[in-house]
Amino acid sequence: RHVLVAGLGSVGSRIAEDLVRAGVGRLTLIDPETVAAPNLTRTVYRAADIGEPKPAALHRALVAINPSVRTTQVDRPLGATDLAATFADETVDLVVAATDDLSEQATLVHYAYAAGVPTVACALYRAAAAGEVVLVSPSHATACWLCAIGQHGIAAAQRPDADYGLGGRLVGEIALGPAIHQVSDVATAA
């Protein structure tokens with residue numbers, strides 16, 4: 001199986017790890033950011049990963065679990081990625097959409113839906129106030145992701161800023177870790 005994971009932060013990195021532990025052998029990892037100290041309290045990254053592109057750091061973590069896992073690492077934004085070519089040239093069995101950028105995520109899910117590829121879109125809102133997991137399955141005629149969450153509303157208003165409002169500080173919030181695991185676990189199980 002080949003899974004494309006876009007957004008390698010708290011939820012996306014944990015889902016990628018769970019997928020490899022479940023036997024997925026090929027992943028495309030997309031995220032333009034580098035690992036920063038605040039990531040350490042809510043992701044699978046380690047202190048030694050600080051400053052590394054998230055796709056490269058996650059690749060190392062996944063290979064440590066299963067040395068035969070294959071990854072394609074994309075360290076640019078979804079908007080700078082040729083998604084049409086990605087879905088035309090490769091067999092993608094599942095998309096995990098876990099980005100902070102709703103407009104780029106909408107574009108990704110649009111291409112996946114048009115290609116008939118199921119998507120699990122997941123997010124965790126500010127301070128773990130809520131989370132969402134949306135399963136989109138074109139072969140089962142489910143609603144598209146944008147139809148399911150709506151273009152305007154709580155999803156857009158409640159998503160966290162890119163740095164979660166921490167100003168770069170390494171802060172662990174009570175219940176944030178378990179909330180991340182809960183959303184990740186539901187998304188992985190879907």
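The legends below describe close-up views of a predicted model.

**View 1. The open sheet of six strands.**
The strand order is β3-β2-β1-β4-β5-β6, with mixed pairing. At the edges lie β3 (70–74) and β6 (131–136), each of which pairs on one side only. On average, neighbouring strands of the sheet are turned by 15° against each other, direction ignored.

**View 2. The pairing of β5 with β6.**
Strand β5 covers residues 119–124 and pairs with β6 in the antiparallel sense. Six bridges join β5 and β6. Leu-124 has Gly-131 of β6 as its bridge partner.

**View 3. Helix α4 on the sheet.**
Helix α4 spans residues 102–114 and packs on the sheet. The strands that α4 touches are β1 (2–6), β4 (94–97), β5 and β6. The directions of α4 and β4 make an angle of about 165°.

**View 4. Helix α2 across β2 and β3.**
Residues 54–65 form helix α2, which lies across β2 (26–30) and β3. Helix α2 runs at about 165° to β3.

**View 5. Helix α1 and the residue Gly-23.**
Helix α1 takes in residues 10–21, which is 12 residues. From its first C-alpha to its last, α1 reaches 17 Å, close to the 16 Å expected at 1.5 Å a residue. The helix is mostly covered, with 10 of its 12 residues buried. The buried residues of α1 are Ser-10, Val-11, Gly-12, Ser-13, Arg-14, Ile-15, Ala-16, Glu-17, Leu-19 and Val-20.

Notes. Residues are numbered from 1 along each chain as its sequence is written. This is a predicted model: local features need pLDDT of at least 70, side-chain atom pairs count only at pLDDT 80 or more; totals for chains, interfaces and linings use all residues. Side-chain values use heavy atoms; hydrogens and water are left out. Two strands pair if DSSP finds at least two bridges between them. Helices (H or I, at least four residues) and strands (E, at least two) are DSSP runs, numbered from the N terminus. Axes are lines fitted to C-alpha atoms, for helices over the stretch in contact, and angles run from 0 to 180 degrees between N-to-C directions. Contact means heavy atoms within 4.5 Å. The expected span of a helix is 1.5 Å times one less than its number of residues. Buried means under 20% relative accessible area, exposed over 50%, partly exposed in between (1.4 Å probe, protein chains only).
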